[in-house]
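Please read them with the coordinates open beside you.

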Amino acid sequence: MQKLINQTIELLKWPAALFMLVSLPALFQSLAGFQFMQLKYFAMFGGFFVYFVSKGMSDASLKANMQILAHELTHAFFALITFHKVKSIKLAEDQSGGAMSFEGEGNWLIVVAPYFFPLFAFFAMLFIPFLEPYVPALLINAVIGYLAAYHLDTVASQINEKQTDFAKVSAKFCWMFLPGANLWMIGFLLAFNSKQWEGVLQYKKLVFWLMDKNWQTLNNWLF
């Protein structure tokens, strides 16, 4: 099963990169569909702001360790969902990085997952529908904003020329795949902040509709 999943994911590598590249215009256009003047978005951006304020007040080594831990846990999560047994997760004592080991050959999705997937925000999105009756809505919006900021800050801090993960899948692939993948995740978080999982589904439909509209416009212009 693991081998079949890895082979399938490897076959989808460059089609996925091309899809993310082609979807970029629609992803930017989709931002116009959000009603940012609503109170729920002010609360979300408030949570976003609180993260960066708290970041400046926190211990630098603790912050680095938390970002490295999030990075390795995301590797581990994608290893698990692609049927790889995780053997260990280690953090370097000097906060220079970490390592996650697993059984099997692995795949490109495990390698690049920490650079686009908001792991902590994803698990919060799974639990929020159950907590909604007991937690103020604006507090939920603020938490989503805080976790979105945490994810973006973690990704930004770990994308650099020394990153060994990029060499494993090729820099060309990363430049094609990661911008679009991150914009998809940002869109999902914004949509969830509005209407939870219903909003995520509506957002997906909007992006595909925009992609189809853009393709028709390009086709008419060319032919």
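How many aromatic pairs does the structure hold? The structure holds 33 aromatic pairs, where rings of Phe, Tyr and Trp (its six-membered ring) pair if their centres lie within 6.5 Å. The model is predicted, so that local features need pLDDT of at least 70 and side-chain atom pairs count only at pLDDT 80 or more, while totals for chains, interfaces and linings use all residues. Residues are numbered from 1 along each chain as its sequence is written, and side-chain values use heavy atoms, with hydrogens and water left out.

1. **A stacked pair.** A pair of aromatic rings is described by the distance of the centres and the angle of the planes. The ring centres of Phe-19 and Trp-184 are 6.2 Å apart and their planes stand at 20°, so the pair is stacked; planes under 30 degrees apart count as stacked, over 60 as edge-to-face and the rest as tilted. This pair links distant parts of the chain, since Phe-19 belongs to helix α2 (residues 13-30) and Trp-184 to helix α9 (residues 171-222), 165 residues apart. Helices here are DSSP runs (H or I, at least four residues), numbered from the N terminus. Phe-19 is partly exposed, with a relative accessible area of 29%, whereas Trp-184 counts as buried at 5%; buried means under 20% relative accessible area, exposed over 50% and partly exposed in between (1.4 Å probe, protein chains only).

2. Phe-77 is buried, with a relative accessible area of 18%, while Phe-122, at 21%, counts as partly exposed. Both residues take part in one aromatic cluster, which also includes Trp-14, Phe-78, Trp-108, Phe-116, Phe-117, Phe-123, Phe-173 and Phe-177.

3. **The cavity.** Rolling a probe the size of a water molecule over the atoms shows where empty space is left. A cavity is a set of points, on a 1 Å grid over the protein atoms alone, where a 1.4 Å probe fits but cannot get out; grid points are joined across faces, edges and corners, and a volume is the space filled by probe spheres set on the points. By this rule there is one cavity of 30 Å³ or more, and the largest cavity has a volume of about 130 Å³. Its lining has 14 residues, of which Ala-70, Phe-117, Pro-118, Leu-119 and His-151 are the closest to its centre; lining residues have an atom within 4 Å of a point. The elements that give two or more residues to this lining are α4 (60-81), α6 (119-131) and α7 (137-158), and the largest share, five residues, comes from α7. The lining divides into 10 nonpolar, four polar and no charged residues, with Ala, Val, Leu, Ile, Met, Phe, Trp, Tyr, Cys and Pro counted as nonpolar, Asp, Glu, Lys and Arg as charged, and the others, Gly among them, as polar.

4. **Helix α3.** Helix α3 (residues 39-57) has 19 residues and reaches 27 Å from its first C-alpha to its last, close to the 27 Å expected at 1.5 Å a residue; the expected span is 1.5 Å times one less than the number of residues. The buried residues of α3 are Tyr-41, Ala-43, Met-44, Gly-47 and Tyr-51. They cover an arc of only 165° around the axis, which puts them on the same side of α3, the arc being that of the directions from the helix axis to the C-beta atoms. On the face turned away from this buried side, α3 carries the exposed residues Leu-39, Phe-49, Gly-56 and Met-57.

5. **Helix α1.** In helix α1 (residues 2-11) the buried residues are Ile-5, Asn-6 and Ile-9. Seen down the axis of α1, these fall within an arc of 100°, so they line one face of the helix. The face of α1 turned away from them carries the exposed residues Lys-3, Leu-4 and Leu-11.

6. **Backbone points to check.** Ser-170, in the loop between α8 (164-169) and α9, has a phi near 90°, a positive value in a residue other than glycine. Gln-196 in helix α9 likewise has a positive phi, near 55°, and is buried, with a relative accessible area of 17%.

Notes: 1 Å grid on protein atoms, 1.4 Å probe; cavity = no way out; pocket = protein on both sides within 12 Å on 5 of 7 lines; lining within 4 Å.
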